[in-house]
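Subject: Structure handover

Hi,

Here is the structure we talked about handing over. Please open it alongside this email and follow along.

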Amino acid sequence: MLDLNVHIDTNSGFCFGVVYAIELAEDILNEEGHLYCLGDIVHNDEEVKRLVEKGLKIIDHERLKELTGEKVLIRAHGEPPSTYELAIKNELTLVDASCPVVLKLQNRIKNSFDKKEKIYIYGKHGHAEVEGLLGQTANKAIVFQDIGELDLDNMPENITLFSQTTKSTDKFYEINRILIEQGVTVQTNDTICRQVSNRDKELRKFVESYDKIVFVSGRKSSNGKALYEVCRQNNPNTFFVSHPDQLEKSWFSSGDSVGVCGATSTPMWLMEDVRKSLLSY
């Protein structure tokens, strides 16, 4: 026995937007036995698998076009206006679990677009939330996930800058600084969710207290990739797993203190399963 001392980060786990979406889904599944969901309800394969076994049916936008008269969950990432228009046309009942922070951002972008402002969005290309934001601008906003994608010498004189809600606050303000130094007048909108961005600071403190760190996240999670890097930079002995089966006993030494943490899309039950596996060594 390695006699590991294992603790779970109490600040890790689902953000409130994901909690709300999953609770809505479970309530309907318990009553009706099935529910369609547009895209993965959360970027964690294990949690999706659990809900699929309860009757959740994951569909994409192409499949949505074929549905009529069904109930469909809109996940926390939000959707563009075209999805709501299609729902009316196909007589679909939408269960809207869009995160309030995302909805507020959508409204702000729509207001800026209506004022004919030149809109730039710092976010991941193709991400569900970003697609919803783009939809507020008739897909005319400029999306970039790195300052290197922008032609700084040929930027408009005035831009309105927004961010995907789960991006790094530090990186967002670094981008803002570079644009201003380039002579661009930037109307800056800090639209990053503080519940998500504060995880960064909380994790830096958490990982420094342990010999080894096990970071639990789905491979599809952008937030998971970013927070894993935070952990790894502050504790090089950090290991990424999506399931307890991926743990390796050779990573640990006798008596190690081990911290278990995860992304905003990582369920607490999965981190608890990882802890149980570690304690069995």
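Predicted model: local features only at pLDDT ≥ 70, side-chain atom pairs only at ≥ 80, totals over all residues.

**α1 and α2**

Start with helix α1, residues 16-32. Its partner here is helix α2, residues 45-53. Their axes come within 10 Å and cross at roughly 20 degrees. Angles under 35 degrees count as roughly parallel, so α1 is roughly parallel to α2. The crossing of α1 and α2 is left-handed. From α1, the contact uses I22, E26 and L29. From α2, it uses E47, R50 and L51. By class, the residues of this contact are three nonpolar, no polar and three charged.

**E26**

What does the side chain of E26 join in a polar contact? The partner is the side chain of R50, at 2.9 Å. E26 sits in α1, and R50 is one of the α2 residues in the α1 and α2 contact. Setting aside neighbours within four places in sequence, E26 is in contact with R50, L51 and K54.

**α5 and α6**

Next, look at α5 (100-114) and helix α6 (residues 128-135). These two pack at an angle of about 30 degrees. Their axes are 9 Å apart. That angle makes α5 roughly parallel to α6. The crossing of α5 and α6 is right-handed. α5 brings V102, L105, Q106 and I109 to the contact. α6 brings E129, G132 and L133. The classes here are four nonpolar, two polar and one charged.

**How covered is α6?**

How many of the eight residues of α6 are buried? Seven are, so the helix is mostly covered. The buried ones are A128, E129, V130, G132, L133, L134 and G135. E129, G132 and L133 also take part in the contact with α5.

**α8 and α9**

The next pair is helix α8 (residues 194-207) with helix α9 (residues 222-234). Their axes come within 9 Å. They cross at roughly 30 degrees, which means that α8 is roughly parallel to α9. The crossing of α8 and α9 is right-handed. On the α8 side, look for V196, R199, D200, L203, R204 and V207. They meet N223, L227, V230, C231 and N234 in α9. By class, this contact has six nonpolar, two polar and three charged residues.

**Q246**

Last, a loop residue. Q246 lies between β11 (238-241) and β12 (257-262). Is Q246 buried, exposed or partly exposed? Its relative accessibility is 35%. Buried means under 20%, and exposed means over 50%. Q246 therefore counts as partly exposed.

What does the side chain of Q246 reach at 2.6 Å? It reaches the backbone nitrogen of S242. Beyond neighbours within four places in sequence, Q246 is in contact with R219, V241 and W251. V274 is 28 residues from Q246 along the chain. The C-alpha atoms of Q246 and V274 are separated by 9.5 Å.

**Where to look**

For a quick tour, start with the E26 and R50 side chains. Then go to the buried residues of α6. Then view α8 and α9 along their right-handed crossing. Finish at Q246 in its loop.

Best wishes

Key: Residues numbered from 1 in each chain as written. Heavy atoms only, no water. Helix = DSSP H or I, 4+ residues; strand = E, 2+ residues; numbered from the N terminus. Buried < 20%, exposed > 50% of the residue type's maximum accessible area, 1.4 Å probe, protein only. Contact = heavy atoms within 4.5 Å. Polar contact = N/O pair within 3.5 Å; in protein donor to acceptor, adjacent residues only side chain to side chain. Axes fitted to C-alpha atoms, helices over the stretch in contact; angles between N-to-C directions. Parallel < 35°, antiparallel > 145°, perpendicular 65-115°, else oblique. Left-handed = near helix turned anticlockwise from the far one by under 90°. Nonpolar A, V, L, I, M, F, W, Y, C, P; charged D, E, K, R; others polar.
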